[in-house]
Every structure is written in C-alpha cells, then in structure tokens.
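Please keep the structure in view while going through the numbered points.

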Amino acid sequence: MLSVKIRFILPVVQVALAILLMVLARREMPPQHYCTVQMPTVGLVCMGINAPATLFRFAVGAVLPLYKLERSPRPLPAFGTEQLLFLGAVIALWYVVGRWLDKRLAGKMSTTAIRRWPGVLVGAGLALFGVPLVVIAVEGIQSCSSRFGTLSNPLGSLTAAMLALAWGMTLTVVSIVRITKAIRMRARM
Amino acid sequence: MSGRMDSSDRPPSGLGVTEESSLCFVDRPFPRDADRPSREKTSRLSPVSPDGTPWAGSDWIDVIPSGASGAAASWQPLSTSHRRSTRRRDLLPRSSAGPMNAGTTFAYAVFTSFVANAASTVWAWPGGDGDSRRSGERFPALPSCPGAQTPCALEVQYAALKSLRSVMANPCPDCSTYVFSKFNRTDSNQPQFSKYLARPPRFFDGSRSTAPMNRLCGPGWWDRALCAYGTTPVAQFMKAKGASAISETPSEQNKGMMVFFNDVKYDPNTEPYCGCRRPTQTASLDPATIFHEALHGYFGFQDMQLLSAFYGTGSEGFASVCTTYYLADRVLNGGGYCYP
C-alpha cells in the first residue's frame with residue numbers, strides 16, 4: 001500500500017486553501033474608488049490560519065523592499081511578491097507541521113535524541129515566532145475590544161487574532177519544552 | 001435605522017466598479033512648486049506650522065535634498081561624496097568598519113544596505129519615529145511657501161484645517177444632525193472631535209512618500225501585519241488609485257490626523273456619481289476634504305462605512321469623494337453639492 005506522508009499532503013492542502021481564501025478575499029475587497037483599506041473576513045481568517053507565515057511576510061517586508069520586485073505598480077496586486085512570499089511561507093510552515101505529525105504517527109518522537117545546541121536553536125527559532133505572535137495577537141484582541149475593530153472588520157480581525165494567539169502559545173510552549181529537553185538531555189549525559 | 005452604524009455593522013461588498021471611476025478628487029489641485037524659488041529654501045519646515053500650532057515631529061520631518069536616493073531607495077553603499085551631499089551619517093561608524101575602510105566590498109555594500117533599509121523601515125514605525133533623515137523619504141513635507149501670493153500645498157491644507165477647527169469650536173447643529181448622530185458611538189460628538197482636530201496634524205506629500213501602505217492600516221503592529229496593502233509605497237498607491245488624500249485609519253492614540261496628500265488634477269468630465277447631481281458650488285472643498293480625512297482618523301471608519309452612514313443603502317457604488325461632497329453640502333458650505 002502506498003503511504004503518502006502528511007508532510008507532503010498538508011502543505012498542498014493548506015496552500016490550496018490559502019489561495020482559495022485569498023482569491024475570495026480579493027473579490028470582496030472594496031471597489032477601486034475607495035481610498036481606505038478594508039480587509040474581508042476570509043482574508044483575515046487565511047492570515048490567522050497561517051499566522052506564523054503572516055508574521056514572516058510582515059517581518060521580511062519590514063526589512064526588504066519587496067515592492068521593488070513588482071513588475072508594474074498596482075494598488076493591490078492579487079499575487080504580488082508579498083503574496084508569493086506568504087504562500088512560500090505557508091508551504092514551509094505546514095511542511096514542518098506535517099513532518100512533526102509524521103514523526104508522531106510513526107512513534108519516533110520519544111525515541112529521537114535531542115542534542116543540546118541543535119535542540120536549543122530549534123527551540124529558540126520557534127520562540128522567535130511564538131513570542132511575537134502572542135504579543136501582537138493580544139494587541140489585536142485588545143484593539144478589537146477597545147476600538148471599532150481593527151481594519152474595520154471586528155469579527156475578522158478578532159478571529160485572526162485568536163488564531164494567531166493559538167499559534168503563538170503553541171509555538172512558545174513547544175519551544176520551552178524543546179529547550180528544556182535539550183538542556184536536560186545534556187545534563188544527563 | 002437606515003444609515004446608522006454600530007460596531008456590529010458589516011459593510012456590504014463592492015459592486016465591481018471599474019478602475020476608470022477611481023476618483024478621490026479634491027475640487028482643485030493644490031499649488032506646488034510654482035512659487036518656490038528653489039528646493040533648498042523650502043526643503044525644511046519651520047517648527048511652527050502656518051496656522052501657528054507647533055508642527056508635529058518637526059525635528060524629524062524634513063525633505064531629502066533632490067538627487068539623494070538613500071539606502072532605502074537604492075541598494076548602494078553610502079559613499080563619502082554621497083554622505084557629504086546628503087549630510088547623512090553611516091549607521092556604522094567608519095572607524096568600526098576596520099579593513100573595510102580601504103575599499104567597499106560587495107558584502108559590505110549588501111550589509112550596509114540591509115541594515116540601513118531595516119533601520120529606516122523600523123524607525124518609520126510606531127515608537128520609532130526618532131530622528132532619521134530617511135524619515136524624510138517616508139514622510140516628506142508638503143511643499144511650503146509662506147507668504148507667497150499663490151499658497152503652496154501646506155498653506156492650503158493648514159488654512160482648510162483652521163477653517164474646520166473654527167467650525168468645530170463653535171456651536172454647529174448641522175454637525176450633530178448630519179455627522180455625529182449617524183454613528184452609534186459614545187465618542188461621536190462635536191467637542192471630542194474638536195479636541196482631536198486641535199492636535200497637531202501630520203500632513204505629508206503623498207506623491208513622494210516611500211512609506212509602506214501598511215503604515216496607514218492602523219496604529220498597532222497587528223493591524224499592519226494583516227494589512228492587505230503590505231509595503232506598497234504610499235506614492236505608488238496614490239498614483240495607481242488617483243487618490244488625492246489618504247489617512248491613517250484610525251490615528252494613533254493621542255495623536256492628530258496623519259494624511260498624505262497628492263496633486264490630483266480635477267476633471268469635471270469624470271465627476272463621480274454620488275446619487276445626486278454634479279456639484280455646482282465653486283467654494284473650496286478643502287475643509288470638507290480635511291473633515292473627511294479627520295473622520296477616518298478619529299473613528300477608524302473606512303470609506304465604505306462613511307458612505308453607508310451618510311447616504312444609507314445604495315451607496316455601494318459611490319466614490320470616496322461623495323463623503324466630501326456630503327460634508328461640504330450638509331455642514332460646511334451649505335448646499336449646492338449633493339442632494340441624495
């Protein structure tokens with residue numbers, strides 16, 4: 001029987017879902033003659049589901065002038081550089097999740113030895129996404145409750161913030177466990 | 001009640017209006033460089049704005065001299081001549097660069113550009129608006145020519161703001177009837193809005209700004225991370241949209257409105273449909289434009305929500321400028337623009 005690994009299925013499914021949601025969001029965007037930004041709920045949900053990828057896109061966009069890679073200046077590219085970067089991050093994100101699930105299903109998680117420094121580095125890498133996600137998600141939830149909703153879409157932005165909070169907390173907890181295990185492993189040796 | 005809005009309202013989706021109708025016009029283009037003898041004379045704003053209020057962040061709002069591109073705009077190392085001509089400093093002291101002083105290596109060039117770009121981006125964001133000359137590229141000042149016969153953009157906008165402040169500081173039944181009563185919020189009242197208007201505004205030249213559009217999506221990191229427009233520069237966005245003004249929606253806490261203006265030529269033949277006849281009044285729309293942008297900044301409402309509140313159902317196809325017409329008609333100039 002052909003066994004297809006989750007690490008390959010999950011990224012394909014998630015990237016297809018992300019593209020679908022982005023296309024739907026694009027169709028719901030306000031008409032061109034508005035000069036303000038409104039994010040449709042589906043677009044925000046897509047960003048919440050893939051919150052670490054959203055954070056990655058935002059961080060890269062803050063550092064590198066991605067807009068310079070656009071061929072033609074458009075007010076809102078359907079799939080411009082940033083969107084493609086986001087989709088790439090979605091694939092990477094869900095590949096890592098799928099790989100973890102594969103290991104989990106194969107029962108290799110407990111038997112795999114964690115070396116100290118690689119373990120600490122992986123944990124730190126997870127924390128690098130997890131902690132900022134928690135911080136900005138809490139900020140997002142606060143702004144939803146105290147103002148007329150973020151991006152004039154309180155439902156969508158609250159949903160996205162909750163999803164991001166779930167991602168952030170998961171990544172933070174996993175990173176703490178990972179680092180603790182790595183340090184303990186060394187101590188035993 | 002039709003036209004009223006509360007926090008649970010979900011604005012309707014767009015009706016697929018073509019890009020040709022993308023109009024965010026003011027009634028006349030603001031004068032720009034015509035009266036300015038040279039850029040050098042007017043490139044730096046005085047700390048006091050034309051209406052006498054202190055300029056917000058006057059220590060960092062400046063204009064990079066013409067010809068300067070900067071690391072944020074071009075991936076080049078900062079050469080000595082460039083630094084001299086632009087009066088910029090390297091982010092890393094040359095003395096600490098060690099052997100790299102002898103010659104600029106590719107790695108150094110990439111590194112410098114990377115750090116400079118990151119720094120200029122971060123400093124342009126919340127809590128980081130400290131002194132950076134690169135802020136001038138992201139937040140370029142409007143052309144200013146104090147005392148000139150034909151006022152420049154900055155003077156025009158400040159005069160409009162002064163006029164609006166005057167209206168809001170005095171009893172204005174129409175303001176309550178036609179604007180503030182339309183929003184079901186406790187802070188929807190004239191005194192509080194007047195206080196917001198009194199804060200030092202942040203007016204910038206949108207035609208030259210390289211600030212990322214997500215800077216306008218709200219005050220928080222979360223708003224900006226989710227913003228659909230990403231890092232598209234303000235100037236590029238305004239050019240593509242044909243927008244005359246865009247605002248930070250909503251404004252940061254305890255700060256005045258942040259508006260980027262652009263010189264958009266008024267074409268009466270492409271007058272947008274607002275469910276009313278074409279404007280006939282010749283009075284300036286500038287105060288109404290400032291009012292419109294201030295509503296974005298104060299409430300955090302988008303164009304769609306303002307149009308829905310003012311015009312009720314059926315306003316989905318209206319252009320952004322219809323809000324300006326409404327405010328001019330109902331509150332400021334007293335009739336002649338729109339009769340929805």
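1. A residue is buried if 20 or more other C-beta atoms lie within 10 Å of its own, exposed if 12 or fewer do, and partly exposed in between, with the C-beta atoms placed from the backbone. Helices (H or I, at least four residues) and strands (E, at least two) are DSSP runs, numbered from the N terminus. In helix α13 of chain B (residues 321–332), 12 of the 12 residues are buried, so this helix is largely enclosed by the rest of the structure.

2. The model is predicted: local features need pLDDT of at least 70, side-chain atom pairs count only at pLDDT 80 or more, and totals for chains, interfaces and linings use all residues. Residues are numbered from 1 along each chain as its sequence is written, while chains are lettered from A and ligands numbered from 1 in the order in which they are written.

3. Which residues of α13(B) are buried? Among them are B:Val321, B:Tyr325, B:Asp329, B:Arg330 and B:Leu332. The cover over the buried residues of α13(B) includes α6, α7 (173–178), α11 (286–299) and α12 (303–311) of chain B.

4. Helix α6 (residues 153–169) of chain B also packs with helix α8 (residues 190–198) of chain B, at an angle of about 155° and with the axes 9 Å apart. Axes are lines fitted to C-alpha atoms, for helices over the stretch in contact, and angles run from 0 to 180 degrees between N-to-C directions. Angles over 145 degrees count as roughly antiparallel, and α6(B) and α8(B) are therefore roughly antiparallel to each other.

5. On the α6(B) side of this contact stand B:Leu164, B:Arg165, B:Met168 and B:Ala169; on the α8(B) side stand B:Gln190, B:Phe193, B:Ser194, B:Leu197 and B:Ala198. Two residues are in contact if their C-beta atoms, placed from the backbone, lie within 7 Å.

6. Chain B also holds an open sheet of 3 strands in the order β1-β3-β2, with mixed pairing. Two strands pair if DSSP finds at least two bridges between them. At the edges stand β1 (202–205) and β2 (245–247), each with a single partner strand, so one side of each is left without a neighbour in the sheet. The twist averages 25° from one strand to the next.

7. Strand β2(B) runs antiparallel to β3 (residues 258–261) of chain B, and 3 bridges join them. B:Ala245 has B:Phe261 in β3(B) as its bridge partner.

8. Chain A has 6 helices and 0 strands. Of its 189 residues, 43% count as buried.

Technical notes. Angles under 35 degrees count as roughly parallel, over 145 as roughly antiparallel, 65 to 115 as roughly perpendicular and the rest as oblique.
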